[in-house]
Amino acid sequence: MARHVLVAVDDSNQSTEALEFACTEYPEATITALYVLDPGDFYAVSGVEGTAMANYDEIQGHHEDRAEEILERAREQAADHGVEIETEHALGGVSRSIVDYAAEHDVDHIVVGSHGRTGASRILLGSVAETVARRSPVPVTIVR
């Protein structure tokens with residue numbers, strides 16, 4: 001039985017299903033919901049507007065606020081199942097951050113949604129779930 005389960009969360013339905021799965025399958029384990037802030041997502045949205053560069057700290061702050069909202073929803077979802085979870089956010093590439101977090105925090109199982117990211121980033125970067133499954137040092141459950 002898993003002692004520490006890492007669930008990758010974002011604002012997708014698949015992420016919600018992944019957390020639901022973890023809460024029902026591993027209610028006695030320590031569950032950590034991890035949201036990854038990908039710098040490419042917030043540095044790419046800006047650029048040059050006239051001659052002024054965008055304020056990257058402000059953009060990053062906006063994304064960190066959004067991350068906290070998503071993690072708060074995850075805490076509420078888990079509480080609906082009578083489970084208290086830990087929440088964390090990381091800054092970096094999504095797949096690498098998930099795998100690195102698992103390796104560095106004694107995680108023994110990862111649960112991810114089948115395809116949380118959409119659009120160009122998914123096409124260009126490939127499936128986060130697939131990459132995590134290939135590189136993970138621990139078992140991975142991919143939830144549809």
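Start by selecting Phe21: its relative accessibility is 26%, so it counts as partly exposed (between 20% and 50% relative accessible area; under 20% is buried and over 50% exposed, with a 1.4 Å probe and protein chains only). This is a predicted model, where local features need pLDDT of at least 70, side-chain atom pairs count only at pLDDT 80 or more, and totals for chains, interfaces and linings use all residues. Residues are numbered from 1 along each chain as its sequence is written, and side-chain values use heavy atoms, leaving out hydrogens and water.

What do the rings of Phe21 and Tyr26 form? The count of aromatic pairs (ring centres of Phe, Tyr or the six-membered ring of Trp within 6.5 Å) comes to one. Phe21 and Tyr26 make an edge-to-face pair, 6.3 Å centre to centre with 75 degrees between the planes; edge-to-face takes over 60 degrees, stacked under 30, and tilted is the rest.

Next, select helix H1, residues 13–25. Helices here are DSSP runs of H or I with at least four residues, strands are E runs of at least two, and both are numbered from the N terminus. Color Gln14, Ser15, Ala18, Leu19, Ala22 and Cys23: these are buried. An α-helix has 3.6 residues a turn, so residues three or four places apart point the same way.

What do the buried residues of H1 pack against? Show strands E1 (4–8), E2 (30–37), E6 (109–113) and E7 (140–143), plus helix H3 (56–80); contact means heavy atoms within 4.5 Å.

Finally, zoom out: the chain holds six helices and seven strands, and 45% of its 144 residues count as buried.

Note on methods: Expected span 1.5 Å × (residues − 1).
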